[in-house]
Amino acid sequence: MAAAETALSWHQIVLQTLKRNDIRLVPYVPDRVLTPLIRNLHADPFFNVFATAREEEAVGIVSGAWMGGMRGAMLMQTSGFATLANVLASLVVPSQIPLIMFVSERGTLGEFNWGQSLVCRTMRPVLDSLAMEHHTCTRLDEFEFITDRSIKQAITTQAPVALILSPLLTGGKTLDK
């Protein structure tokens, strides 16, 4: 069997890496790019997975779970990041909560929504201003290493991390005609 035939998809890598790091709680805001991951998480009884109305709600749930002894990660897209500066700066960073954020990147590489492009340009500067670790994941051959090590670092240092899932990795969202 050829290596390409046995390679895991990006969403299979996320699922396995979350399991390996005992991350069971996964709130998310629905997103078309993240749909394969969300479906696989729902199908696996290891995980407690549910949709939230807003990104701040998912942050609060993961933060409360951490304070109660449970590990969690959240899923969202770039546009939702625009709502998070306050909760990151006032809760997550000062409370040393290892929030693990998987963010499907919109606003680049053929984006069709101008608003998405504007938010995409502000996301990394906001993360930098909060001194939050972040990685833009573009290559499948590096993805498992980056994901696993980022989760381990977030937990051991009790600091948040954002894993930005580039369209180069996920295929992105396209305009359906």
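I began with Thr-52, which counts as buried at 7% relative accessibility (buried is under 20% relative accessible area, exposed over 50%, partly exposed in between, with a 1.4 Å probe and protein chains only). This is a predicted model, where local features need pLDDT of at least 70, side-chain atom pairs count only at pLDDT 80 or more, and totals for chains, interfaces and linings use all residues. Residues are numbered from 1 along each chain as its sequence is written, and side-chain values use heavy atoms, with hydrogens and water left out.

I then placed Thr-52 in the loop between β2 (48-51) and α4 (55-67); helices (H or I, at least four residues) and strands (E, at least two) are DSSP runs, numbered from the N terminus. Its side chain reaches the backbone oxygen of Arg-54 at 3.2 Å.

Which residues does Thr-52 touch, not counting those up to four places away in sequence? I noted Pro-27, Tyr-28, Val-29, Pro-30, Glu-57, Ala-58 and Ile-61, with contact meaning heavy atoms within 4.5 Å.

Next I checked Leu-41. Setting aside residues up to four places away in sequence, Leu-41 touches Leu-15, Leu-18, Val-26, Phe-47, Val-49 and Leu-75.

From that list I followed Phe-47, which is buried, with a relative accessible area of 9%.

Conventions:
A polar contact is a pair of N or O atoms within 3.5 Å; within protein, one must be able to donate a hydrogen and the other to accept it, and residues adjacent in sequence count only if both atoms are side-chain atoms.
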